[in-house]
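Let's take a walk through this protein together, one neighbourhood at a time. Keep the viewer open and follow along.

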Amino acid sequence: LLFAQNCASCHGEDAAATANWKDTNADGNYPPPPLNGSAHAWHHSKDLLKQTIEDGGTKIGGVMPGFKGKLSDTEIDAVIAFFQSLWPDEIYAKWAERYKVSAISNIDNLTTTPAQSDAATKDKITRLLKLRLGSDSVSEPVETPVSDIFQTEFGKNYAYLTADGRYLFMADLIDLEQEQNLTNNAKRKIATPAPKPLSNEVNGNAKTRKMTDLLMLRLGSKAIAEPVETPIGGIYQARFGVNYAYLTENGRYALIGNLIDLERGQNLTNLARQKIALDAIAQFPLEARAVFPASGDEKAVLNIFTDTSCAFCQKLHGEIANLQAAGISVHYLPYPREGTQGPGYQTLKQVWCASDRANAMTIAKGQIEGDLPAGDCTSAGLVDQGYALGNSVGISGTPALFKSNGEMIQGYVPSQQLIQQVLGN
């Protein structure tokens, strides 16, 4: 999650970044290198990796900002551990040997048998977390009321790990039946009441139905998707709004947050979000968008939710020609960021009523002179549809960009960096 929030916009969600990372850009700067083991990151000690994250990359000809004061020492450790988890086993082993790190390259090396003690299981989990998070500041895991789910603390954060050490929940653990946030209880050192028997009305329903009903009851919302199985036995995923909950099969406990596959270095919750976003955007017809086609062969499509009154949307629009020249088609979808009362709402309607929406968009964003039609046509309703669609996929502002794999890039990114991100996958 920390990598996704702070690093993925340049290095890519999968840390693959730029294929030609050794070549300077047109402005003379080096692009973000891959961090997945295919570039030089593994040539550096952990101390140097941490120093680079803290100080940034401008000293070595890059453009990366420094994160000192923005990320804590524990958080930087977690970021390093995430991209190291993407390294091939042989690369990690070389790095570990070079810097005399205890190399545990595969989760199988930490497997315990049922005959081994609880202490051995907890030790296995602790060692695995230290490896994956790249930090010694990991508390000994403690049992939770959920079978085979352990709670651990690192820094100021709490996480929940499966007994095999494979999956990690960066989430709050909620006892839905007793309306207790067990994570907050742990933070405040409050003892959690002993679980009470589940009510008859819950026990009397089928698995997925009782989970859905109970979540609807506790969250006070009917917008709960039917739970689906996860790779973890007895744990189901349910979507409510733009959030995800992971439920025990008896509907009693919910982990609300992100589910991480530590072995593959994948945020499974983000992957679910990306699929939802792709499916939702696909429902907005191509002919209903304002399209700026790629020059020559199309290499990728970038969907952008935009508002004409947004200064950063206007700035990005001034660089659309760079994206087109790189083979990226831009598809605009309307999103009045302040709703029907916002300054861009009526202008977006005018754009969508124009016979040439691309030209109208350029006029509306102040790039060229021209007149816009009245915003009272049938197509004006597409602005409301775009707003509803944007809300359904979790947009909080503009511009909001969606790559062809459903990954969202929030906010303005300079075109040269954006091209690398969009074409990097």
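**A walk through the fold**

Val142 stands opposite Gln151 in strand 2. The model is predicted, so local features need pLDDT of at least 70 and side-chain atom pairs count only at pLDDT 80 or more, while totals for chains, interfaces and linings use all residues. Residues are numbered from 1 along each chain as its sequence is written, and side-chain values use heavy atoms, with hydrogens and water left out.

Back to our starting pair. Strand 1 (residues 142-143) and strand 2 run antiparallel and are joined by two bridges; two strands pair if DSSP finds at least two bridges between them. Helices (H or I, at least four residues) and strands (E, at least two) are DSSP runs, numbered from the N terminus. The hairpin of strand 1 and strand 2 has five residues between the strands, and Asp148 in this hairpin takes a positive phi near 65°. On to the next partner: six bridges join strand 2 to strand 3 (residues 157-162), and these two strands also run antiparallel. Here Ile149 has Thr162 of strand 3 as its bridge partner. Is strand 2 mostly covered or mostly uncovered? Five of the six residues of strand 2 (149-154) are buried, so the strand is mostly covered, where buried means under 20% relative accessible area, exposed over 50%, and partly exposed in between (1.4 Å probe, protein chains only).

Now step back to see the whole chain. It holds 16 helices and 15 strands, and 51% of its 425 residues count as buried. Among contacts with a separation of 6 or more, 58% are between residues 24 or more positions apart; contact means heavy atoms within 4.5 Å.

Next, turn to a pair of helices. Two packed helices are described by the angle between their axes and the distance between the axes. Helix 3 (residues 46-55) packs against helix 4 (residues 73-84) at an angle of about 115°, and their axes are 10 Å apart. This makes helix 3 roughly perpendicular to helix 4. Axes are lines fitted to C-alpha atoms, for helices over the stretch in contact, and angles run from 0 to 180 degrees between N-to-C directions; angles under 35 degrees count as roughly parallel, over 145 as roughly antiparallel, 65 to 115 as roughly perpendicular and the rest as oblique. Which residues meet? From helix 3 come Lys46, Leu49, Lys50, Ile53 and Glu54, and they meet Asp73, Ile76, Asp77, Val79, Ile80, Phe83 and Gln84 of helix 4. By class, this contact of helix 3 with helix 4 has six nonpolar, one polar and five charged residues (Ala, Val, Leu, Ile, Met, Phe, Trp, Tyr, Cys and Pro count as nonpolar, Asp, Glu, Lys and Arg as charged, and the others, Gly among them, as polar).

Helix 13 and helix 14 (residues 357-364) pack at about 150°, with axes 8 Å apart, which makes them roughly antiparallel. Thr347, Val351 and Trp352 of helix 13 meet Arg357, Ala360, Met361 and Ala364 of helix 14. The residues of this contact divide into five nonpolar, one polar and one charged.

Finally, some backbone details. Most residues other than glycine have a negative phi, and most peptide bonds are trans. Glu179, in the loop between strand 4 (167-175) and strand 5 (180-181), has a positive phi near 55°; at 61% relative accessibility, Glu179 counts as exposed. Lys189 has a positive phi of about 60° and, at 65% relative accessibility, also counts as exposed. A cis peptide bond joins Thr398 and Pro399, with omega about -5°, and Pro399 is found in the loop between helix 15 (381-392) and strand 14.
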